[in-house]
Amino acid sequence: MKLCAANKSQLGVPNVKLIGNMHGNEPVGREMIINMIQYLIDGYRGGDEEIVGLVSTTKVHLMPSLNPDGYRMAVEGYCTRGPGRDNGRGKDLNRDFPTRLDWNNSDEQPETSAVRRWMSSVQFVLSASLHSGALVVSYPFDAPTEHHCLEDMGECLVAGSWRATTESITGDDDVFRHLATLYSNNNPRIPLGCGQHEKFNNGIINGALWYPTTGSMQDYNYLFHGCLELTLQISCCKYPFAHMLEAIWHENHRALIKLMGEVQRGVKGVVREKASGRSLAGARVSLEGTNRATTNTTPIGEYWKILLPGKYSLKVSMHRMILAVLLIVCSSSPIDVFK
Ligand SMILES: [Zn+2]
């Protein structure tokens, strides 16, 4: 489902997505996203300022269930384990995505392929995958750093057999921490955690520091598309009874709206050829002097990059030729750069 009230011809409207139920026995996200669809429609029609602002400026894509086969096998009330985590072929979808070291998986699952095709056709800027079984917001990388992998390749590639003692951070770590903290701060339960053994600092954690895995969806989003995806663990019980869902909705709906609104932070613009005014598709937009994820312009030349306040040097290149370098100052509100 896609919701957007912006004019179709309007340039620079970013795409954000929420995906639920990747693990079939964690259907809390599925219910939150189904409810979010109605909530956004009602809020827009009722003139809710925040919701009108969101859907007038953003394309909101909502996928309640990535794993309907697993969901069919899952059992209500099973809080820790139980059937349905994997897809119908017995594969964990959150270990199935291409990685830095293994980008061509011959056994790729159809659900994974569908998400990858979707991501190739829509340039997503910000994303969240909703899970349950813990209370924490995790952010990339889930995979141990390349350095660690090279040191001990065998162990590194076997998910769960390697315990990280250090974070595996991206070039956009400041932004990920900001987004994760924003979600945690707007959710009354996440900072409290689920118990003594699972208390996280401010309710957030780097994926690899929590437990390293390879082939996760959030790592794929970042590595292959420059899309910032968070993994939201929003209920201690994986599959709580239905009567508990309303409370979980009230703990999360505001945080979800706030998170989606962050897609407007940073810089966005359109790359055009100076002489002809023609939009340039596929130009590479990067931040000089950093290892932040780069982004390519859309077929009509648009780009977006979420950044925290500060000074940046924005570089636009194509076929290894530098087309422009702009010094920009980001404040807490978004800026537009048209070139
Ligand atoms: Zn999960």
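Visitor: What makes the link between the side chains of Glu108 and Arg116 a polar contact?

Guide: The two side chains come to 2.6 Å. A polar contact is a pair of N or O atoms within 3.5 Å; within protein, one must be able to donate a hydrogen and the other to accept it, and residues adjacent in sequence count only if both atoms are side-chain atoms. So 2.6 Å falls within the cut-off. Glu108 also has a polar contact of 2.7 Å with the side chain of Ser113. Before we go on: this is a predicted model, where local features need pLDDT of at least 70 and side-chain atom pairs count only at pLDDT 80 or more, while totals for chains, interfaces and linings use all residues. Residues are numbered from 1 along each chain as its sequence is written, and side-chain values use heavy atoms, with hydrogens and water left out.

Visitor: Why is Glu108 called buried?

Guide: Its relative accessible area is 17%, and buried means under 20%, with exposed over 50% and partly exposed in between (1.4 Å probe, protein chains only). So Glu108 counts as buried. It sits in the loop between α3 (68–73) and α4 (110–121); helices (H or I, at least four residues) and strands (E, at least two) are DSSP runs, numbered from the N terminus.

Visitor: Which residues does Glu108 contact, leaving aside its neighbours within four places in sequence?

Guide: Asp96, Pro98, Ser113 and Arg116, where contact means heavy atoms within 4.5 Å.

Visitor: What makes Asp173 and Arg177 a salt bridge?

Guide: Their N to O distance is 2.8 Å. A salt bridge is a side-chain nitrogen of Lys or Arg within 4 Å of a carboxyl oxygen of Asp or Glu, so this pair qualifies. Both residues lie in helix α7, four residues apart, about one turn of the helix.

Visitor: Are Asp173 and Arg177 buried or partly exposed?

Guide: Asp173 is buried at 12% relative accessibility, whereas Arg177 is partly exposed at 31%.

Visitor: How many salt bridges does the whole structure have?

Guide: The search finds 19. Glu26, Arg85, Asp92, Arg95 and Lys238 are linked in a network of them.

Visitor: What do domain 1 and domain 2 bury between them?

Guide: About 1600 Å², 56% of it on carbon and sulfur atoms. Buried area is the accessible area (1.4 Å probe) that two parts lose on being put together, summed over both. The assignment gives domain 1 (2–264) and domain 2 (267–338), with bounds from an automatic or database domain assignment. The count between the two domains is three salt bridges.
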